[in-house]
Structure formats: structure tokens, C-alpha cells
Amino acid sequence: MDYKETLLMPKTDFPMRGGLPNKEPQIQEKWNEQDLYHKILEKNAGKPTYILHDGPPYANGQIHMGHALNKVIKDFITRYKAMTGFNAPYVPGWDTHGLPIEQALTKKGVNRKEMSVAEFRELCKQFALEQVELQKADFKRLGVNGDWDKPYITLQEKFEAEQIRLFGDMVKKGYIYKGKKPVYWSPSSESSLAEAEIEYQDKVSPSIYVAFDTKDGQGKVDAGVKFVIWTTTPWTIPSNVAIAVNPALNYVQVKVDESSYIVAQALLDSVCEKVGWDKDAVVIEKEFKGTDLEYITTQHPFIDRESLVILGDHVTTDAGTGCVHTAPGHGEDDFIVAQKYDLPVISPLDDKGVFTAEAGEYEGIYYDKANKLITEKLTEVGALLKLEFFTHSYPHDWRTKKPVIFRATPQWFASINKVRQDILDAIEETEFKVDWGKTRIYNMIRDRGDWVISRQRAWGVPLPVFYAENGDIIMDEAVIEHVATLVEEHGSNVWYEREAKDLLPEGFTHAGSPNGEFTKETDIMDVWFDSGSSHRGVLEAREELSFPADLYFEGSDQYRGWFNSSITTAVATRGQSPYKKLLSHGFVMDGQGRKMSKSLGNTILPEKVVKQMGADIIRLWVMSVDYLADVRISDDILKQVSEVYRKIRNTFRFLLGNVNDFDPKNAVAYEDLAEVDRYMLNRLYDFVGHAHKHYENNDYLFIYQELQNFINVELSNFYLDYGKDILYIEAEDAPIRRSMQTVLYEILVSLTKVLAPVIPHTAEEIWGHTPHVTEESVHLTDMPETHEVDSQLVEKWERFLTIRDDVLKALEEARTEKTIGKSLEAKVTVYVENAEDRAILESMDNLHQLFITSQAVLTDKKAGTDYVSANVLVEKAEGEKCERCWNYSTELNDEHLCPRCAAVVAE
């Protein structure tokens with residue numbers, strides 16, 4: 001007789017192969033038909049909310065792995081919260097204004113000079129919305145659950161209107177003002193440039209060393225002692241207002257011939273060499289710390305102006321003298337450091353790079369030609385110590401290929417000084433997962449200058465500012481609200497489609513405009529002001545959301561970006577941070593830790609991986625990395641993740657196959673379970689408890705590691721292997737089989753739920769094959785509850801498994817020596833010295849099954865080989881092989897069946 005028909009082999013339609021690239025779109029289609037996103041919200045209606053506010057990616061180009069990492073972790077968070085009793089809406093967003101879109105249209109052949117600004121902006125809008133749709137499709141394909149039909153987009157009328165109202169609130173509180181700041185300026189294009197419009201080329205520049213005489217040494221430095229500066233832009237000397245030294249560096253006053261000079265000690269040898277001082281003849285007269293020199297005044301070499309000695313961390317010993325020529329009108333570092341000392345910003349150049357009347361005798365001279373004249377002037381007054389020429393990398397205009405300069409131009413600012421302490425206090429109240437995140441944003445706010453919020457571009461939200469005939473600035477509360485109302489109705493293009501008088505409230509008058517004439521500001525707001533207003537335009541504006549958000553989560557570059565602009569505008573207008581917790585992730589590198597780039601050919605696109613392997617593989621990869629730091633991805637890494645996925649899938653297939661004839665209504669009560677089943681249930685409880693903790697702490701890598709341990713070690717290597725002799729061989733309703741099925745079913749359902757936020761497509765597929773579940777989607781269920789773990793029971797069985805490891809090692813050696821083939825051909829004799837170990841083994845009546853051997857006996861003395869915890873002898877099993885279960889027995893009947901199998905077959 002063929003006894004195979006009498007075995008209860010696993011039965012399930014759940015396939016071994018994932019086939020994710022084809023299957024996932026079908027599952028997503030089903031979710032769309034079910035309107036799953038809103039069903040999840042309905043399930044949790046009335047429950048506490050959890051708001052993760054989406055930082056908007058820029059709507060330009062295909063999504064990359066950094067986007068995938070970001071969106072998938074957000075999905076882990078919101079899905080988990082939705083399965084633990086929270087109403088967790090997720091509203092995705094997009095950042096849609098700014099230079100890259102203008103550039104993209106230019107590259108497509110759009111000639112903006114042939115159309116009005118309003119027409120060009122309309123083309124920008126259409127392009128941005130096309131990009132949103134492309135990126136949206138990619139994000140949805142990753143399985144990210146959100147309100148994709150109603151995202152927030154920074155070009156939406158309502159968003160723009162709220163941004164303008166936020167600006168109005170900052171105006172009302174006195175935080176907005178107009179001033180000067182240096183920007184990249186291209187004399188050849190006669191316009192300001194953004195960093196993206198800069199390219200570096202070699203340029204020959206003059207290099208000069210100049211002496212500034214001390215005027216007031218504050219009792220530390222004698223009058224006439226000279227501070228030595230170095231610069232490669234002599235034309236900026238007329239704009240000098242300060243000399244910056246590093247507070248932490250050591251400085252020396254040295255005697256050279258009849259004069260005394262101050263330079264950084266670390267650069268003294270270099271200065272001697274460059275300037276031509278005899279190193280051996282130089283005498284050190286005094287030593288100072290950089291901090292000692294603060295507030296000393298020096299005399300400008302040829303202008304009747306003092307130059308203040310100030311402190312700046314940007315001063316280094318890489319080159320020069322350690323005393324840095326500071327012209328706030330012509331350098332960003334100079335400008336930032338000068339702000340702290342309230343120094344004037346002098347920038348006597350026009351749009352073409354020609355000196356204005358403010359430059360005195362150099363009026364009308366092109367800046368580059370002035371280098372020679374100013375160097376001659378320095379020689380004439382005895383201040384020039386050295387002139388030479390050198391070649392270096394210098395910024396150029398990417399269109400004209402001509403050099404650019406830093407030039408201070410009128411700009412709009414948001415005062416940081418007035419709210420700095422309030423922002424720092426708000427940071428102190430914010431929760432951070434890692435301390436360095438807090439330190440990073442705290443130091444950035446502490447050290448930043450005022451925020452330049454204006455840009456000289458076309459595509460953005462206009463600054464709602466008017467000018468009277470006499471130049472007075474008009475930004476009254478009522479005027480700004482009127483503009484916001486117009487924008488909410490017509491969009492921000494209304495600013496460019498109407499004249500200034502038609503944008504002002506009806507009947508508006510101003511003393512500075514006796515003729516009723518007005519002009520409007522042409523600058524737009526910085527795009528960081530756009531996204532930094534999202535707490536107003538989204539969190540406060542949308543009914544399902546609320547302010548402040550529970551979490552902001554973005555890349556680590558956003559401490560200087562969105563995290564920074566958001567807390568600045570929120571504290572300035574609402575007096576509190578827009579987020580309760582801040583979390584960030586690193587960048588995605590290739591397998592060797594290099595930045596991905598087209599030139600290296602090492603880019604991996606999510607779209608390609610999804611098509612080849614499936615979104616759940618990307619999501620499992622996200623779970624497998626320590627996202628707090630930079631992470632790596634490569635084809636090899638993805639193959640390893642695929643192997644882990646295959647193991648997970650096969651484990652679920654085994655679980656599904658072995659509960660196909662089980663109904664949870666017939667589950668065995670906990671106290672009636674076999675002890676080994678109680679142990680495995682407690683191991684599940686332990687895993688689930690840890691998973692909850694790791695989800696709450698956003699530690700997904702730990703879940704990944706513990707999941708593999710649970711599946712590979714606890715299940716595959718022990719419980720499922722041991723269980724085959726029960727599940728396949730025992731009678732269908734045998735108590736020992738139903739006991740084990742009770743636990744297998746619990747493991748199946750609990751693991752599916754725990755993994756649902758991570759591999760949602762696979763979890764849904766498993767749920768569809770799980771018998772007797774009532775919910776239409778695993779995503780409409782709750783996470784498994786936590787249970788107290790019976791630590792005494794777990795300790796007992798962990799000790800048993802240690803002894804079992806010795807038995808398995810002995811069996812492996814016996815197999816190598818050809819004493820046995822399969823482990824069921826063995827009889828093991830075990831001796832343990834420890835009384836507790838012996839008591840553990842004696843308490844188990846099915847040792848042979850637990851060891852997966854046909855016979856197992858305990859003995860009072862050593863009979864075999866010593867291992868770590870036990871002495872084990874392996875022999876050929878006694879008797880013959882049962883035709884049905886393949887265990888060896890001395891009690892086979894005429895049909896070659898052991899007593900157990902004979903009884904089962906007889907039934």
C-alpha cells in the first residue's frame with residue numbers, strides 16, 4: 001500500500017515564487033477599488049491622531065533611491081500607527097517653484113524673452129504638474145499609502161494664499177525688512193545667479209599681501225603695529241570694513257626691520273616665504289589668542305575709514321595670513337560675520353561691474369581693470385607687501401562662461417535675531433532620536449545670519465510689497481490680506497497679469513503717492529519660504545491634519561533646509577515648533593560607499609528595481625539598513641535582500657500549508673498546549689513585543705535582524721523541522737497536532753500583521769490565503785497585542801536547545817562517518833552532568849521527536865563523546881523503518897507500520 005495518501009502534507013495555493021513585478025500592480029488595483037486609504041481612516045475615525053507631515057520633494061525629474069528610502073520609511077510609520085489605534089492620515093506634497101523648473105524649460109527650447117512673465121509662469125506651472133504626476137506614479141508603485149488624489153502642491157492657490165498670509169504675520173511682528181546682501185552676480189549677464197548657474201573654470205588672479213596700521217589697540221596692541229591681510233581680489237579693498245581672525249588660533253606680533261606685524265602663528269613661515277622676510281631675522285615680540293584681538297581698530301590704507309578686527313570661525317590656516325580682509329558687500333562669509341558686528345555693507349558697483357560714485361576716484365572703471373590701479377595705490381601709500389599672480393579655480397557664469405563676482409544688492413530679509421532665542425527654546429522642547437540631530441539644527445539656528453527671502457526670478461510666489469511714488473514701502477496688513485484673497489481666487493499669476501493699482505484694495509491711498517501711482521515688487525520668495533510655510537498651508541488648512549505635526553522626517557540635509565525654514569516661520573508666527581519630533585535619514589550610496597552619479601555609472605533607479613524584483617524588495621532593503629547614517633545599495637546587496645525575502649516567503653508558505661485544515665474556533669487553550677508549543681508561543685510574544693518597541697523607536701533594522709533570527713533559528717532550525725513528524729504523521733484531530741496548529745496559526749497571523757507595514761503587497765497576498773480571517777485586508781487589522789512572556793519557561797527551553805545543539809553536532813559527525821544517513825536512522829544516548837539539565841531532559845516525554853531521531857535515551861554515565869553541555873553517543877536505531885513515518889521501531893506490524901501509524905491508518 002502507498003501510505004503517502006494517508007499523510008497530511010501541506011496544502012496551499014500560496015505560490016513559492018513571488019512574481020512581485022506582475023502581482024503588485026494587481027494588488028494595488030484592488031486597494032484602489034476598495035478605496036483602502038479611506039477605509040483605514042474610517043476604521044480609526046475618532047481615535048487619537050498621529051500626523052506625519054510630508055516634506056515636499058522637488059517636482060523635477062525621476063525619483064531616485066533617496067526618494068524611495070524617504071517615502072518607504074514614512075509608509076512604515078503611518079501604516080504601523082494606523083494598525084495601533086491611531087488615525088494616521090498621510091498627505092503627500094510637492095515643492096514646485098524655483099530655478100530648476102525655469103532651467104528645464106530653457107533646455108526644452110522655451111525662449112522666455114518672447115513672452116510675458118505671466119505666460120512663462122503658466123508654462124512653468126504646466127511643467128511642474130506633469131512632473132508631479134510622473135513622481136506620483138513612482139511613489140504609488142512603491143506601495144506608499146496616502147491621499148494621492150488630494151496631495152498638497154506649493155503652486156496651489158490655497159497654499160500660495162496661506163504663504164502670503166504667513167508673510168503678512170511676519171511683517172506685522174516686524175520680522176521682515178529690506179537690506180543688502182552679496183549674491184553671485186554676473187556682469188556679463190547683468191543679473192544675479194543661483195548656485196546652480198555657476199560653473200568653475202581656471203582663472204589667473206592677482207595675489208596681494210597688504211598691511212593695515214593699528215589705530216586703537218585696546219591696550220593690547222601698540223598703535224602702528226600692522227595687521228597683514230591677503231586677498232586675490234584687490235578691487236574689493238575699497239569695500240573693506242573689517243579684518244577677521246579666528247578666535248581659537250594663536251597669533252604673533254613679529255618685528256621685521258623697523259616695523260611690527262601680526263599674523264597667525266601657524267602661517268608665519270609661509271608669510272615669510274611669500275613676502276620675502278628673512279625667517280632667521282624675524283623676532284616674535286608678543287603672542288595673542290584670536291579672542292584677544294577682537295574690537296581693535298585699524299586704519300584703511302587709503303580711505304578715511306576704520307577697519308574693525310572681528311572674530312570669525314571661517315578663518316583657517318589653509319592659506320594667507322590668518323587675518324582675513326572682510327568686505328561684506330562682496331563675500332558671503334564676510335557678510336554673515338559682519339552682520340554680528342552691525343558693520344556697513346559697501347558695494348560700489350553697478351549691474352555691469354563698473355564702479356559707482358561711491359568708489360570715489362575709481363568711479364567709471366570696470367572692476368577687473370581696477371585691480372591694477374588699486375594695487376598701484378597700495379604701493380604708493382606703502383601698504384603693499386607683495387604682489388604676484390596665480391592660477392586657481394574660480395566661479396563663472398554657466399551661460400556666458402565669464403567670471404562672476406559677489407555683489408551686494410537690495411534683498412528682502414526675515415530677521416532671525418529677533419526670534420533666535422525663541423527658536424532655540426522650541427528646539428529644546430523638540431524630541432530627537434539622535435542627539436547630533438538636535439546639536440546640528442541648534443547650532444545652525446544659533447549661528448545663522450538673517451534669512452534672505454527674496455529671489456530675482458520669475459517662477460515663484462511674489463513678495464506682496466508695493467512702492468509709493470516717493471519710494472516708500474507699502475506692506476500694510478490690509479493690503480497683504482487683499483493680495484492673499486486675490487491669489488486664493490486666481491492663483492499667484494494674478495500679480496503678473498494686473499497692474500499694481502488693480503492689486504491694491506479699492507480706493508487705496510497713500511501719502512507717498514499724491515498722484516495715485518504705485519509700483520509692485522518684482523522679486524519672488526525663496527522656495528524654502530514656500531515649503532517652510534507648509535505648516536500653515538497644509539497642517540492648519542486641511543481638516544484631517546493638525547498643527548503641530550507629531551513628526552517631520554527627511555534627509556539629513558534638511559537641518560539647513562526644510563526643518564530650519566519650517567521652525568523659523570512657525571515660531572515667528574505661532575510661537576511654537578511645527579513638529580513635536582524630528583527624525584532624519586542619511587544619503588544612499590553605491591555598494592562601495594560612493595555617491596551615485598551618471599559619470600560613475602553606479603546609479604540604481606527604483607523604477608528599474610521595481611520592474612525586475614518588485615517594490616517589496618526595495619521596502620525590505622529599506623528595513624535592512626541603518627538609515628540614520630548613509631546607506632548602501634548595489635545589485636549584490638539587493639540579491640542578498642531577495643534571498644531573505646525568499647526565506648520569509650517560504651516560511652509563510654509552510655505555515656499556510658500546515659493550517660489549511662485548522663479552524664481557530666478549535667484552538668487549544670494556552671494551559672492545554674504542549675509545553676514546546678507554549679514555549680514557541682512565548683518566543684512569538686517576545687518577538688512581537690520587541691517589534692512594537694522597535695516600530696515605536698523607528699528602529700526597523702532591529703526588526704529585520706530579529707525577524708531573521710525568529711524565522712531561521714526558532715522556526716526553521718527547530719520548531720518547524722521538529723513539527724513535521726507531528727503535522728504530517730499524526731491523525732488530523734490528534735491533540736498534539738491541534739496544539740501545534742494553534743501556535744502555527746497564531747505565528748502566521750501575527751507575523752503577517754507585523755510585516756504588513758514593511759512588505760504590504762506580500763502581507764496582503766498571505767492574508768488572502770489565510771483561512772478563517774474576516775477582514776478584507778490585512779491593512780484593516782490591528783497589530784498583534786503584546787503579552788507577558790513566561791521567562792522561566794523560555795529559559796528552560798533555551799537551555800534544552802543548547803543541549804540539543806550538542807546532539808545535532810553528534811548526529812552530523814555520525815553522518816560524516818557514515819554511521820547513519822538521515823537523523824531518523826539514529827538512536828542517541830545522552831548523558832548530562834548538571835542536575836538541572838537532567839531534570840529538564842527527564843521532563844520531556846518525546847525527546848526522540850525533539851532530536852528528530854527514532855530513539856533517544858538518558859543514561860547515568862558517559863557513553864559517547866563530550867560536547868559543550870552533554871555527552872552523546874550516536875548509534876544505528878533499533879528495529880526497522882516504518883513505511884509511513886520513516887521512524888525506526890522494534891514493534892512494526894505486518895504492514896511495516898509502527899504502532900502510532902497503525903492506529904492512525906486504522907482510523
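Q: Why is helix α24 called mostly covered?
A: Buried means under 20% relative accessible area, with over 50% exposed and partly exposed in between (1.4 Å probe, protein chains only). Eight of the 10 residues of α24 (760-769) are buried, so the helix counts as mostly covered. Among the buried ones are P760, I766 and W767. A helix here is a DSSP run of H or I with at least four residues, and a strand a run of E with at least two, numbered from the N terminus. This is a predicted model, where local features need pLDDT of at least 70, side-chain atom pairs count only at pLDDT 80 or more, and totals for chains, interfaces and linings use all residues. Residues are numbered from 1 along each chain as its sequence is written, and side-chain values use heavy atoms, without hydrogens and water.

Q: What covers the buried residues of α24?
A: The cover includes α1 (20-34), α19 (615-624) and α23 (735-755).

Q: Which residues does Y719 touch?
A: Contact means heavy atoms within 4.5 Å. Leaving out residues up to four places away in sequence, Y719 touches V676, D677, M680, E714, M740, V743, L744 and I747.
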